[in-house]
Amino acid sequence: MSAVNKEFKSGFVSVIGRPNVGKSTLVNSMIGQKVAIMSDKPQTTRNKILCVLTTDDAQVLFIDTPGIHKPKHKLGEYMVRTAEATLREVDVVLFVVDATMKKGPGEEYILERLAQINTPVILVVNKIDTVPKSAVLPIIEQYTKVREFAAVVPISALEKTNLTNLLEELKNYLEPGPQYYPTDMITDQPERLVIAEMIREKVLHNTREEIPHAIAVEVEEMTKRSNDDLYVRAVIYVERDSQKGIVIGAGGQLLKDIGRLAREDIQNLLGSKIYLDLWVKVKKDWRNREGILKSFGYE
């Protein structure tokens with residue numbers, strides 16, 4: 001860890017918003033590499049994920065949080081607690097809203113929570129590439145008439161529009177501090193967890209509506225082989241036998257597709273060849289069973 005440099009700033013930034021507003025896309029675009037998984041299915045992110053951005057003059061530690069929503073099971077309760085707990089632990093909050101969606105009960109709930117903290121909050125209006133320019137100011141006014149924000153930054157996380165301005169605004173609210181992590185480090189997540197999440201992302205992309213939230217992935221073994229290839233055995237857990245059949249697919253084809261796509265992402269991240277061995281197992285109603293939730297890392 002380097003000594004504190006008066007010119008160098010560092011701090012923690014919580015990225016919050018209701019599900020599916022583009023929080024993980026924003027974090028990945030800021031970091032410049034895929035760390036948090038992305039999907040058009042709500043509640044994709046389940047744990048808070050620390051992603052590290054290091055520049056010449058700052059280290060920004062982004063905490064990508066689960067979308068704040070009304071929970072329907074114990075896993076959902078865990079996700080909302082995780083997201084809300086970060087609000088008091090950080091130096092800056094990025095409140096991300098979707099330019100294509102009207103301000104609703106989800107945003108009102110988050111605004112109520114934000115009213116209870118003294119942390120600087122930057123309003124980030126995402127997906128401006130999908131609406132007319134004339135629509136952006138009225139969207140901003142919906143929020144600024146409710147509360148004062150430290151800054152307001154319209155962006156497109158997907159197109160990487162205005163992210164430089166967002167980073168500069170963030171730095172305004174960071175204090176001089178140390179570089180907590182090495183320059184080349186982009187996340188504090190263990191490799192096993194990142195790999196499990198990348199597999200889960202491919203399941204989300206390739207299965208029907210009833211499947212995504214019933215999915216958990218656990219990496220059971222990671223072994224370096226003599227030729228430096230990495231053997232990874234992972235289990236995809238579902239809640240019902242019928243879901244197992246859907247994930248495997250006719251003749252095992254869907255599971256093969258999931259494995260192929262996940263392997264490509266994992267190889268890009270780790271820079272080595274991967275042999276990915278995927279299995280599908282049933283754990284009945286695991287989202288409501290505290291012992292199983294803890295075993296999957298949802299403490």
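Does Gln179 count as buried or exposed, and at what relative accessibility? Gln179 counts as buried because its relative accessibility is 18%, where buried means under 20% relative accessible area, exposed over 50% and partly exposed in between, with a 1.4 Å probe and protein chains only.

The model is predicted, so local features need pLDDT of at least 70 and side-chain atom pairs count only at pLDDT 80 or more, whereas totals for chains, interfaces and linings use all residues. Residues are numbered from 1 along each chain as its sequence is written, and side-chain values use heavy atoms, with hydrogens and water left out.

**View 1. The chain as a whole.** The chain has nine helices and 10 strands; helices (H or I, at least four residues) and strands (E, at least two) are DSSP runs, numbered from the N terminus. Of the 299 residues in the chain, 52% are buried.

**View 2. Surroundings of Gln179.** Gln179 lies in the loop between strand E7 (175-176) and helix H6 (191-206). A polar atom of the Gln179 side chain lies 2.9 Å from the backbone oxygen of Tyr181. The side chains of Gln179 and Thr183 are joined by a polar contact of 3.1 Å. A polar contact is a pair of N or O atoms within 3.5 Å; within protein, one must be able to donate a hydrogen and the other to accept it, and residues adjacent in sequence count only if both atoms are side-chain atoms.

**View 3. The aromatic pair of Phe95 and Tyr143.** Rings of Phe, Tyr and Trp (its six-membered ring) pair if their centres lie within 6.5 Å; planes under 30 degrees apart count as stacked, over 60 as edge-to-face and the rest as tilted. By this rule there are three aromatic pairs. The ring centres of Phe95 and Tyr143 are 6.0 Å apart and their planes stand at 80°, so this pair is edge-to-face. Because Phe95 lies in strand E4 (residues 92-98) and Tyr143 in helix H4 (residues 136-144), the pair ties together parts that are 48 residues apart in sequence. Both Phe95 and Tyr143 are buried.

**View 4. The aromatic pair of Tyr231 and Tyr275.** Tyr231 and Tyr275 form a stacked pair, 5.8 Å centre to centre with 15° between the planes. Tyr231 belongs to strand E9 (residues 230-238) and Tyr275 to strand E10 (residues 274-282), so the pair ties together parts 44 residues apart in sequence. Tyr231 is buried, with a relative accessible area of 12%, while Tyr275 is partly exposed at 44%.
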